[in-house]
Amino acid sequence: MMQTQLNLTTMVKHAEKYFADKTVISRTLSGVHTIPYSKITERIHRLAGALKSLGVGKGDRVGTIAWNHHRHLEAYFAIPTMGAVLHTINIRVSPDDLAYIINHAEDKVLLVDEDLFPLIERVKDQITDIEKIIVMTDKEELPETSLTNMASYESLLEEADPDTELDDAIDENTIAGLCYTSGTTGRPKGVAYSHRGIYLHSLALGLKDTVGLSEEDIAMPIVPMFHVNAWGMPFAALWFGTTQVLPGPMPTPQILAELVEDYKVTMAAGVPTIWMGFLQALEQGNYDTSSLRCILCGGSAAPKGMIRTFESTYHIPFVHAYGMTETSPIVTLARLKSYQQELDEEERLELRSRQGMVVPGIEIRGINEHGDIPHDGNTIGELLVRGPWIADAYYKNDRSEESFRDGWLHTGDVVNIDEEGSVKIVDRTKDMIKSGGEWISSVDIENALMAHEAVFEASVIAVPDPKWQERPVACVVLKEKKTLTEEEVKEFLTPQFAKYWIPDRVLFMEEIPKTSVGKFLKRALRDQVEEMLSLSDSSS
Ligand code: AMP
């Protein structure tokens, strides 16, 4: 067979040739714009030309600090197809981590949204390698700032050559993208994505048994383009000629529901926190969401109650998926096999709330101290993953071997695998609770709590216990105008779990601390709980 390179240039050229009239619907600070792919691809050539004229060369890193919109999409393709590296930067990290990430990646140029500019101003004295900051704005003028090395994205594009060649000879193993993990401990770690990995991951997104992304879709990635490349959706969508709805700066649940209704979105992707908010918007407003054929949910466990509400109340099919920054991200996806459709509703729901089957192209194992765990849906072990879109090291990081050993990525996620091969994430290795020598899954209790009609969100952590070593404590945020007592929560859980799983304490909170990508930040929660418990001890 021929050895053609699996690179992003092939993907852009395909869209350019065959999908000129398809569109990107992009929400920016000035409103919602509908832009044909012919324009997007022309601007990709222009941006590549503009970056070259600024001295960006092969292998140079170009950072983006931006929401999901058409300019970010242009950067997604222009930067890698000129042989440089698209470094998407999480806008929600601390200023200290932001400076660290930019310096560690040695970004040469930054593309920054006008409204996110203050983030860069805050760290301007700490960042070392930046030669140019390009502001992405709809306005004529640039923001007022003390920074000097600035340029306007639109002016640069206007002056640039629309016929700038994109490099189709790029070796498929060249780095196309770079993204730092949100990491709940230590400094963020970089993951480099190759052209080949992105290409193959995009194909996987198109499989009917995974996301089934296709030309006929109107896809809305809500998951930020700075978080694992919006789960790879913008890459696949442009290639396949899918209409894309990019929800722009600070999309509220109401804005998202309006976009679904106005543009007849067929599939959308986001983390559970997004979908919780979306459900509230649907409860409060009257939106037509009948166009949605799939909402894709991953990043943290999707509570069973949420899946049920989406499907029974709103008739919106819900697909639960699992992955990591290190895995591009898709690893598993919860779809039923044809013969599992016969199961009763509760059993089907139970299966679909697991993280699901590994996607073709990726291999998984679960291991514990005895070796590979049996596929019995019960024995637990750490999940190991390998495949062509799984990273094999952290970028410029000598602590890589902790996670990448013997040809496998050690995910740090504790799982069981059932007879059919469906994976269930029981916990993170470090969040499992060990009580009296038995393991308790914090995730299972969280999911049960979040199925209570008065509970908005809940997180469960271990606290040290002199007798049992560790005991679970539940932290609960109630929905507006709802009340519950500690006893009522325990009574609600009692029929669902063994006695020793019932949390010793239930603490009610205003909110649960979250990471920059909306996951429960258990480290901060533990500190908060420690303080609350010591206060209650000293007052009793
Ligand atoms: P990140 O790299 O920020 O995407 O985080 C990856 C981690 O998120 C995984 O290692 C899991 O612990 C967690 N995660 C991702 N998807 C799911 C899911 N569907 N259910 C439970 N945990 C998940």
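Pro329 is placed in the loop between E14 and strand E15 (330-333), where helices (H or I, at least four residues) and strands (E, at least two) are DSSP runs numbered from the N terminus. The structure is a predicted model, in which local features need pLDDT of at least 70 and side-chain atom pairs count only at pLDDT 80 or more, while totals for chains, interfaces and linings use all residues. Residues are numbered from 1 along each chain as its sequence is written, and side-chain values use heavy atoms, with hydrogens and water left out.

- Ser328 has a phi near 80°, a positive value in a residue other than glycine, and Ser328 counts as buried because its relative accessible area is 8%, where buried means under 20% relative accessible area, exposed over 50% and partly exposed in between (1.4 Å probe, protein chains only).
- As background to these backbone values, most residues other than glycine have a negative phi, and most peptide bonds are trans.
- Gln469, which is not a glycine, also has a positive phi, of about 80°, and Gln469 lies in strand E26 (residues 469-478).

**The surroundings of the ligand**

- The ligand has 15 residues around it, of which Ala321, Thr325, Gln355, Asp413 and Lys519 come nearest; a residue is near a molecule or strand if one of its heavy atoms lies within 4 Å of it.
- Strand E14 (residues 318-323) gives the most to this shell, with four residues.
- Sorted by class, the shell has four nonpolar, eight polar and three charged residues, where Ala, Val, Leu, Ile, Met, Phe, Trp, Tyr, Cys and Pro count as nonpolar, Asp, Glu, Lys and Arg as charged, and the others, Gly among them, as polar.
- An oxygen atom of the ligand lies 2.6 Å from a polar side-chain atom of Thr325, and a nitrogen atom of the ligand is 2.8 Å from an N or O atom in the side chain of Gln355.
- In the side chain of Arg428, an N or O atom is 2.9 Å from an oxygen atom of the ligand.
- On its own the ligand has 500 Å² of accessible area, and the protein covers 89% of it, with areas taken from the Shrake-Rupley method and a 1.4 Å probe.

**Buried helices and a buried threonine**

- All eight residues of helix H9 (residues 233-240) are buried, among them Phe235, Trp239 and Phe240, and just after H9, Gly241 takes a positive phi of about 75°.
- Helix H14 (residues 442-450) is mostly covered as well, with nine of its nine residues buried, including Asp444, Glu446 and Met450.
- Thr88, which lies in strand E4 (residues 85-88), counts as buried because its relative accessibility is 1%.
- Apart from neighbours within four places in sequence, Thr88 is in contact (heavy atoms within 4.5 Å) with residues that include Thr64, His72, Tyr76, Leu178 and Phe226.

**An annotated region**

- An unreviewed UniProt entry carries the annotation "domain: AMP-binding enzyme C-terminal" for residues 445-519; such annotations may be inferred rather than shown by experiment, and feature names are shortened.
- The end C-alpha atoms of residues 445-519 lie 16 Å apart, and the span is 19% helix and 33% strand.

How values were computed: A polar contact is a pair of N or O atoms within 3.5 Å; within protein, one must be able to donate a hydrogen and the other to accept it, and residues adjacent in sequence count only if both atoms are side-chain atoms.
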